[in-house]
Amino acid sequence: MSATAEMPYFIKPSQNLSGPEKRTAYAEARAAILATIGDEQNETVKMVTINCLLKTYLPYYYWVGFYLVRGENQLVVGPYQGTLGCLYIEFGRGVCGTVAASGVTKIVDDAHALKQGTEHIACDPNSRSEIVVPVRRADGSLMGVFDVDSTLKASFDQVDQEELEQLLIAVFTKA
Ligand code: SME
């Protein structure tokens, strides 16, 4: 797939960061997120705050948002920032559906190299690399998945996985 789509005026292409730069940016974003959320328990308030502040501090976050579990094996789009997100994803389909089914984080270096419609679902052809992390509540139930896209290849690595897994546990499993 080589199609690209014109980016809306409010969206900028990604800029990759080095490992140390990522650690600094995540530390600043995490502090701002936890300070802003405080004792708030409403999941929507938490999700919109996470999307906004991570996109503010991390310049390779092109699309950032949540897909939430609905019923037995469906994901429905939740709060996000970026270009139009697909509304529904079945468990086992695309990167989000695969993570919802396996419960394990997945990093994709080049989404254009995956089988479209099965291994990857292209909501926006500008998305090139991706990370998807499962999101659980304090009782261990799967709330959904957290999805981040970049317009560059290989923007995500172990640093993103560690930082995002820890942040989502800190925000969604705290009593
Ligand atoms: N690419 C995802 C679909 C969601 S968009 O990235 C917003 C996937 O393959 O599951």
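Visitor: Which residues line the second largest cavity?

Guide: The model is predicted, so local features need pLDDT of at least 70 and side-chain atom pairs count only at pLDDT 80 or more, while totals for chains, interfaces and linings use all residues. Residues are numbered from 1 along each chain as its sequence is written, and side-chain values use heavy atoms, with hydrogens and water left out.

The second largest cavity is lined by Tyr 26, Ala 29, Arg 30, Leu 54, Glu 163 and Leu 167. A cavity is a set of points, on a 1 Å grid over the protein atoms alone, where a 1.4 Å probe fits but cannot get out; lining residues have an atom within 4 Å of a point. Helix H1 (19-37) and helix H4 (158-172) each contribute at least two residues to this lining, helices being DSSP runs of H or I with at least four residues and strands runs of E with at least two. H1 holds the largest share, three residues. Four of the lining residues are nonpolar, none is polar and two are charged; in this scheme Ala, Val, Leu, Ile, Met, Phe, Trp, Tyr, Cys and Pro are nonpolar, Asp, Glu, Lys and Arg charged, and the others, Gly among them, polar. The volume of the second largest cavity is about 40 Å³, taken as the space filled by probe spheres set on grid points joined across faces, edges and corners.

A search of the whole structure gives two cavities of 30 Å³ or more. The largest cavity holds about 160 Å³ of space. Its lining numbers 20 residues, with Ile 121, Cys 123, Glu 130, Asp 147 and Asp 149 nearest the centre. Strand S1 (63-70), helix H3 (94-102) and strand S6 (142-150) are the elements that give two or more residues to the lining of the largest cavity, and H3 provides the largest share, three residues. By class, this lining comprises eleven nonpolar, five polar and four charged residues.

The largest cavity is the space taken by the ligand; a molecule sits in a cavity if more than half of its atoms lie within 2 Å of the grid points. S1, H3 and S6 are also the elements that give two or more residues to the shell around the ligand. Among the residues of that shell are Trp 63, Tyr 67, Cys 96, His 120 and Asp 147, each with a heavy atom within 4 Å of the ligand. H3 gives the most to the shell, three residues, and the shell as a whole has seven nonpolar, two polar and three charged residues.

For Asp 149, a polar side-chain atom is 2.8 Å from a ligand oxygen atom. The ligand taken alone exposes 300 Å², of which the protein buries 99%, as computed by the Shrake-Rupley method with a 1.4 Å probe.

Definitions and conventions
A polar contact is a pair of N or O atoms within 3.5 Å; within protein, one must be able to donate a hydrogen and the other to accept it, and residues adjacent in sequence count only if both atoms are side-chain atoms. On a 1 Å grid over the protein atoms alone, a cavity is a set of points where a 1.4 Å probe fits but cannot get out, and a pocket is an open set with protein on both sides within 12 Å along at least five of seven lines; lining residues have an atom within 4 Å of a point.
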